[in-house]
Amino acid sequence: MGRKSNRKIENQIKRVIVLVIILLVLAVASKNGILENIEKDLTQIGILETVGEVKQNQEVDTKISENIVLDKNKLNILFFDVGQADSELIFYNGKTILIDSGNTNDGENIVNGIKSLGISKLDYVIGTHVHEDHIGGMSYIVDEIEIGNFYLPYNTKTTSSYYKRLLNSLTEKNIGIEEATVGDKIQIDDLICEIMSVDNEEPEDANDASIVTQITYGELKYLFMGDATSRNENSREWEDVDILKVGHHGSNTSSTERFLKQTLAEIAIIPVGKENSYGLPKQEILNRLNNLGSKIYRTDIDGTIQILSDGKTNEVIKIDVSFDGSEE
Ligand SMILES: [Zn+2]
């Protein structure tokens, strides 16, 4: 081989080496995620602590606006399908009450849902107790939607991140936490929402703190149990109700025979996740409800459930829309 061809090969090798080096540098840069590292640093020094803008979820928005219709002349109650969690929206005469906000991952979907329904203000927001499946998504709601009165069982020492985030959001919006007391009433025209149970002294089991509310509208009563337990159920007498939001996702810590016999709900609604790891709702509770003649609806089977009421009769509409952020 001549000198000329040797040099040619050398040059080609040099070129290949330079190319390989460039490719290696690019690969290392993208793999290490230089941008990601910057983000990590910012989070460490606290700049990216807030949740950030709620992402518009076009799919959820369209599904909601196409499938859920609020009847402005009736009481509307939406039991959102938020998987293994709780969230209910009450809409009456242009006013709203939100009870619970699902898990952290459901927050954005609930915000999008509420906005898609044309609601710009939540007049009353009730976080029943400080477990994630009830207030995890709440900071998104506070950040994105105007709120009137905000209720949460008082005096909690919970240090979980979703709770701290909620407190930050409330502080930023200058919203105080109102203490609920048994007997307190929220009134929207001829609709009355009464606090039936709450423990503001931070019981050992946070479920025991649950703010339990009962709505009376016309001849009908609606009872929302949060995750209240048998301890709360046994602490008072209960009225006959038409619709019961079953306590603690159908767990046998709640729904005692005595309580179910007193409330005698025509319709029982259980917000519960598909194939959840807790085995909820418990068969024992389903049997108890069935034996008392309650018609059972479940968010894992029936999806989002809408109740339309004129104060005399309830219409139940099953809607195939999920707000469960853990599915995405
Ligand atoms: Zn729960």
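**Core and sheets: a quick chat**

Me: Which residues have the most contacts inside the largest nonpolar core?
Reply: Ile-97, Val-125, Ile-141 and Ile-269. That core has 71 residues. Bear in mind that this is a predicted model.

Me: What is Val-125 in contact with, leaving aside neighbours within four places in sequence?
Reply: Leu-98, Ile-141, Ile-147, Phe-150 and Tyr-151.

Me: How many bridges join strand 4 to strand 5?
Reply: Five, and the two strands run parallel. Strand 4 covers residues 121-126. Leu-122 there stands opposite Ile-147 in strand 5.

Me: In what order do the strands of the open sheet come?
Reply: The order is 5-4-3-2-1-13-14, seven strands with mixed pairing.

Me: Switching to strand 9. How many of its residues are buried?
Reply: Four of the five, residues 220-224 being the strand, so the rest of the structure largely encloses it.

Me: Which strands does it pair with?
Reply: Strand 8 (residues 212-217) pairs with strand 9 in the antiparallel sense, over five bridges. Ile-215 has Tyr-222 as its bridge partner. Strand 10 (residues 243-245) runs parallel to strand 9, joined by three bridges. There, Leu-223 partners Leu-244.

Me: And what sits between strands 8 and 9 in the hairpin?
Reply: Two residues. In that hairpin, Gly-218 takes a positive phi near 60°.

Notes:
Residues are numbered from 1 along each chain as its sequence is written. This is a predicted model: local features need pLDDT of at least 70, side-chain atom pairs count only at pLDDT 80 or more; totals for chains, interfaces and linings use all residues. Two strands pair if DSSP finds at least two bridges between them. A nonpolar core is a set of buried Ala, Val, Leu, Ile, Met, Phe, Trp, Tyr and Cys residues joined through C-beta atoms within 7 Å. A residue is buried if 20 or more other C-beta atoms lie within 10 Å of its own, exposed if 12 or fewer, and partly exposed in between; C-beta atoms are placed from the backbone. Two residues are in contact if their C-beta atoms, placed from the backbone, lie within 7 Å.
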